[in-house]
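Dear colleague,

Please find the structure below, handed over for your records. My notes on what was found in it follow directly after.

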Amino acid sequence: MLARLPTLVLYHPAMAQEGYPVLAGRVQQAFDYLEETGTLQAPQVKLEEAQLVEDSLLQQVHTNRHIASVGGTSYDFASRLSAGASVRAGEAVWTGDAANAFVFTGCAGHHASRGSAWGFCYYNNTALLVRHLQEVHGVERFFVVDTDPHFGDGTRDILGEEPGVFHLNFYAAFGEGEEFKSPRHVDVPFPSNCGDASFVEALRRLAKPLAKESRAQMLLWNMGHDAHAIDYGGFQLSLHAFPAMTEILFKVAEDVCQGRFVVLLSGGSEVYVARHTISSIIRCLAALTPLPADTAEEPAYDSPDTERTAQKLVDNILEKLALDT
Ligand SMILES: [Zn+2]
């Protein structure tokens with residue numbers, strides 16, 4: 001019997017030392033927790049040190065002016081490492097070095113557009129991964145899921161015109177906002193006070209049909225734990241939601257993308273949340289037994305109002321999808 005391919009974890013100490021302060025403070029401690037709990041030592045998990053992204057790839061995704069302006073900041077090195085880690089993860093999962101991958105970052109990516117960036121992002125890690133696999137391996141179709149509570153505007157700017165990229169993009173709202181543009185661009189303006197059940201259920205209902213429609217060859221998840229109730233973003237999720245989301249997307253990747261699944265770390269600053277969400281996600285990717293401590297807190301409940309709003313929103317999207325596909 002063939003041994004299972006490992007889950008690859010990409011990391012570099014400079015992500016913590018030189019990353020954007022809001023995001024970087026969690027990185028070392030979340031990494032240490034993986035060691036403390038024996039997660040990194042498990043044979044199903046392979047750790048690799050991140051390398052810098054190639055300049056030539058950066059130039060294919062971002063303008064020279066933007067690259068020069070990031071070069072003038074103190075976050076250039078950590079941004080290049082975060083991008084390099086993302087590209088390597090995509091490469092490893094595509095070429096069969098790894099079953100799936102988790103990417104630590106020192107600066108996030110989804111607010112980085114071609115020629116500008118904001119919100120602790122400098123280079124668009126997802127778009128760089130996509131462009132690399134398109135150019136080097138001829139990969140044509142991707143399913144990008146973004147559950148960070150902030151809108152993935154940079155990813156949309158860079159990849160929005162790509163016919164082979166489907167983007168399921170949750171963001172915190174109050175039922176406002178346009179949720180459906182095309183099957184390739186599904187924005188979900190989700191109630192910002194939602195709890196675990198409505199959020200996880202929405203992901204479950206939307207991810208599978210969209211992934212099937214996309215016929216994606218790889219699933220990329222932009223995972224921000226700023227969606228946790230005590231972290232800084234919208235949504236009121238508990239730790240329970242994160243392994244639940246991982247299981248859903250893992251299964252979708254298996255059904256549609258031959259299991260190819262890369263998780264990219266996005267927003268979030270709370271150390272407690274980072275330690276437990278990252279651990280539970282990696283353990284799920286590697287099919288390791290969950291740690292009770294990773295879901296020890298009370299699940300976050302929805303109000304009946306939130307649940308109704310969320311359900312209606314997803315019903316509407318699915319209805320429009322059925323009409324348009
Ligand atoms: Zn965010």
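Gln 258 is exposed, because 11 other C-beta atoms lie within 10 Å; a residue is called exposed at 12 or fewer such neighbours, buried at 20 or more and partly exposed in between, with C-beta atoms placed from the backbone. The model is a predicted one, in which local features need pLDDT of at least 70 and side-chain atom pairs count only at pLDDT 80 or more, while totals for chains, interfaces and linings use all residues. Residues are numbered from 1 along each chain as its sequence is written.

Gln 258 sits in the loop between α10 and β9 (261-265). Helices (H or I, at least four residues) and strands (E, at least two) are DSSP runs, numbered from the N terminus. Although Gln 258 is not a glycine, its phi is positive, at about 55 degrees. Arg 215 is likewise not a glycine and has a positive phi of about 50 degrees. Arg 215 belongs to the loop between α9 and β8 (218-223), and it counts as partly exposed, with 13 C-beta neighbours inside 10 Å.

Helix packing

Helix α9 (residues 196-214) packs against α10 at an angle of about 10 degrees, and their axes are 10 Å apart. Axes here are lines fitted to C-alpha atoms, for helices over the stretch in contact, and angles run from 0 to 180 degrees between N-to-C directions. The angle makes α9 roughly parallel to α10; this term covers angles under 35 degrees, with over 145 counted as roughly antiparallel, 65 to 115 as roughly perpendicular and the rest as oblique. On the α9 side the contact includes Phe 199, Leu 203 and Ala 207, and on the α10 side it includes Met 245, Leu 249 and Val 252. Two residues are in contact if their C-beta atoms, placed from the backbone, lie within 7 Å. The residues of this contact of α9 with α10 comprise twelve nonpolar, no polar and four charged. In this classification Ala, Val, Leu, Ile, Met, Phe, Trp, Tyr, Cys and Pro are nonpolar, Asp, Glu, Lys and Arg are charged, and the others, Gly among them, are polar.

Helix α10 (residues 241-256) also packs with helix α11 (residues 271-285), at an angle of about 30 degrees and with the axes 9 Å apart. That makes α10 roughly parallel to α11. Their contact is made by Phe 242, Pro 243, Thr 246, Glu 247 and Phe 250 of α10 together with Thr 277, Ser 280, Ile 281, Cys 284 and Leu 285 of α11. By class, the residues of the contact of α10 with α11 are six nonpolar, three polar and one charged.

For helix α6 (residues 76-95) and α7, the axes come within 8 Å and cross at roughly 45 degrees. These two helices, α6 and α7, are therefore oblique to each other. Among the residues that meet are Ser 82, Ser 86 and Trp 94 in α6 and Asn 125, His 132 and His 137 in α7. The contact of α6 with α7 has seven nonpolar, seven polar and one charged residues.

Core and buried positions

The largest nonpolar core has 110 residues, of which Val 103, Leu 219 and Val 262 touch the most other members. Such a core is a set of buried Ala, Val, Leu, Ile, Met, Phe, Trp, Tyr and Cys residues joined through C-beta atoms within 7 Å. Its largest share, nine residues, comes from α10. Beyond its neighbours within four places in sequence, Val 262 is in contact with residues including Ala 89, Val 103, Leu 129 and Leu 220.

Ala 127 lies in helix α7 (residues 125-137) and is buried, with 29 other C-beta atoms within 10 Å. Not counting residues up to four places away in sequence, Ala 127 touches Val 61, Thr 155, Ile 158 and Leu 159.

Phe 31 lies in helix α3 (residues 27-36) and is buried, with 22 other C-beta atoms within 10 Å. Leaving aside neighbours within four places in sequence, Phe 31 is in contact with Tyr 11 and Phe 104. Phe 31 and Leu 265 are 234 residues apart in sequence, with a C-alpha to C-alpha separation of 12 Å.

Ala 117 is in the loop between β3 (100-103) and α7. Ala 117 counts as buried, with 24 C-beta neighbours inside 10 Å.

With kind regards
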